Structure formats: C-alpha cells, structure tokens
Amino acid sequence: MTTQTWDTQRYQAQHSFVWQYGTALIDLLAPQSGEQILDLGCGTGQLTNVLAEAGAQVEGIDADPAMVAQAQQNYPGLTFRTADARDFEVATPVDAVFSNAVLHWVLQPETVVQSVRRALKPGGRFVAEFGGKGNVQTIISAVESCLHQPNFWYFPSVAEYASLLEAHGFEVTFAALIDRPTPLEDGDRGLANWLRMFGARFFSGLSETETASMIRQVEDRVRTDRSALTLSRLYQNGGWVADYRRLRILAIRQGNE
C-alpha cells in the first residue's frame, strides 16, 4: 500500500487511540449477527475482534505482513490475510466493508473505491474513517518547514471523496469532517513517538542523530505555533495533542452488475 513500515509492538503499546476511536465508527456500521464483513486495513486486529463479537462473520486484511501476523497472534480464532487496499479480492461479495484510519495512506483512492465496490453485494455498506482535509496540519507544516519534506498522505475534503464514491456507483448517505484533537500517549515524548511511528518516511536516509535533531526542531516549531489552524495549543501540561480531523463516510453500493 505504501513504503511505510510498522513496529507492531510500539503501535499496540503507544498508539492504542487508533483503534479505540474506531469504536464510534462501528456504531455507524451497526453490524448485524451473521453479516459478512471485511475489515480493510485491520492493523493488529482489535476492531476486527469487536466486529466478530457483534456476531459478524469477519475477515481482516492488511498490506503489512507484520500487522497481519500480530493480529493472528492476538486473535487466533479469526481470519486475517495480507492484501493491498488497491487491488484486494474476496471469495464472495460481502455485506459491508469497514475501514478505520487506513485510507489516508493510499495515494490512489480511485483504485480503493473500485476494489471496495467489487467486494460488496448490491446494497452493501462501505463505512470508513480516515484523515480528512486539514488533518494534522500544524504538524505537517512544521515538518515541511524544518525538513523541507512534502506531505505524503491523502487527506480529501467531504466533497472530493463523496464525488469519487458517487462516480463509482455509490450513494453517500452520511459524510462528515470531524475535528478531533487527540492526546498522544507517553507525555513529553508523545509527538516524537508519533513522528517515528507515522512519519518515518519523513526521515528516510537520515542517521539516528540527524533524525533526533529534526524531531526536536519539529517539536519546537509545533510547540510555539499560534496559527488559526491550531484548534488549541498542541503542547499542554507536559503532553502533546495532535490536531486530527477525520473524514467519516457511509456509502451504499448501487446497481446489480
């Protein structure tokens, strides 16, 4: 899906908010007992397990083999496999495709939407949440200023993504851009840990000393940011808050073909 690599232990220990916030998305999905649901970008499997506990017949897929291996270790009774969001296939069409905190990593969104449509039964649901327009803008601006590195995520507006879905045979029944300032775990180290986990590509080719120096520069820039885009000070009481904005979507697959 991307060249991003993942430290699964750090992901589980220091970034649990990723799946914890996803429980609200499951409420939007409203899984029913017996439904077949695909968890697209399952990570280490926590939300896949929540779907299974609701009675769904669920399969989790992720592009990263380490994530899939960790998910299988966490939940040996569930089914996980490695697959790419851009070209995945299912044995039989499913009732719903669910995806949390994944699709901003895929810079070819049209191929994802096409794959999701192929995977769904007519009338099937696509429920997704990922970074939307303006997501972590203060952090990105600091990185661009300090490292002269461009953003490598896909953060669309509501109109942009709804139009893409409609162009590929979906009816969008719910779409919202949600401001969600998110406390980062591990106190004063929160932003550094976040950058090392989610922004590792920014530091590609740098030594550990150079990376640590650049992270300190980014921290200093974010700590003093007073821009209008900053919803609140991102460094508060010895801890960090990321300026998340999430795009949440519910769309229905149209047509019988």
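## Stop one: the main core

Start by selecting Leu40, Val97, Leu103, Val116, Phe126, Tyr161 and Leu165: within the largest nonpolar core, which has 29 residues, these touch the most other members. Now colour by element. Strand 1, strand 4, helix 6, strand 5, helix 8, strand 6 and strand 8 each put at least two residues into this core. Keep in mind that what you are looking at is a predicted model.

Zoom in on Leu165. What is Leu165 in contact with, once its neighbours within four places in sequence are set aside? Show Val113, Phe126, Phe170, Val172, Ile249 and Ala251, and you have the answer.

There is also a second, separate core, this one of 27 residues; Trp153, Phe202, Val222 and Trp240 are among them. In soluble globular proteins, nonpolar side chains tend to be buried together.

## Stop two: helix 6

Next, select residues 109-119, which form helix 6. Pro109, Val112, Val113, Ser115, Val116, Arg117 and Ala119 are buried here, so the list includes an arginine under the 20% cut-off for relative accessible area. Which elements do the buried residues of helix 6 pack against? Bring up strand 1, strand 4 (94-100), strand 5 (120-131), helix 8 (158-167), strand 6 (170-183) and strand 8.

## Stop three: helix 7

Move along to helix 7, residues 137-147. Its buried residues are Thr138, Ile139, Ile140, Ala142, Val143, Cys146 and Leu147, and they pack against helix 9 (190-198), helix 10 (208-223) and strand 8 (239-253). Then check the backbone just past the end of helix 7: His148 has a positive phi of about 55°.

Switch to a surface view and look for the second largest pocket, which holds about 160 Å³ of space. To find its lining, select Gln36, Ile37, Leu38, Gln57, Val58, Glu59, Val90, Ala91, Thr92, Pro93 and Val94. Strand 1 (36-40) and strand 2 (57-62) are the elements giving two or more residues to that lining. By type, the lining has seven nonpolar residues, three polar and one charged.

## Last stop: zoom out

Show everything again. The protein has ten helices and eight strands, and 53% of its 257 residues are buried. Of the contacts between residues at least 6 apart in sequence, 74% link residues at least 24 apart. The accessible surface is about 11100 Å², with 48% of it belonging to carbon and sulfur atoms.

Conventions. Residues are numbered from 1 along each chain as its sequence is written. This is a predicted model: local features need pLDDT of at least 70, side-chain atom pairs count only at pLDDT 80 or more; totals for chains, interfaces and linings use all residues. Side-chain values use heavy atoms; hydrogens and water are left out. Helices (H or I, at least four residues) and strands (E, at least two) are DSSP runs, numbered from the N terminus. Buried means under 20% relative accessible area, exposed over 50%, partly exposed in between (1.4 Å probe, protein chains only). Contact means heavy atoms within 4.5 Å. Accessible areas come from the Shrake-Rupley method with a 1.4 Å probe; for residues, only the protein chains shown count as cover. On a 1 Å grid over the protein atoms alone, a cavity is a set of points where a 1.4 Å probe fits but cannot get out, and a pocket is an open set with protein on both sides within 12 Å along at least five of seven lines; lining residues have an atom within 4 Å of a point. Grid points are joined across faces, edges and corners, and a volume is the space filled by probe spheres set on the points. Ala, Val, Leu, Ile, Met, Phe, Trp, Tyr, Cys and Pro count as nonpolar, Asp, Glu, Lys and Arg as charged, and the others, Gly among them, as polar. A nonpolar core is a set of buried Ala, Val, Leu, Ile, Met, Phe, Trp, Tyr and Cys residues joined through side-chain atoms within 4.5 Å.
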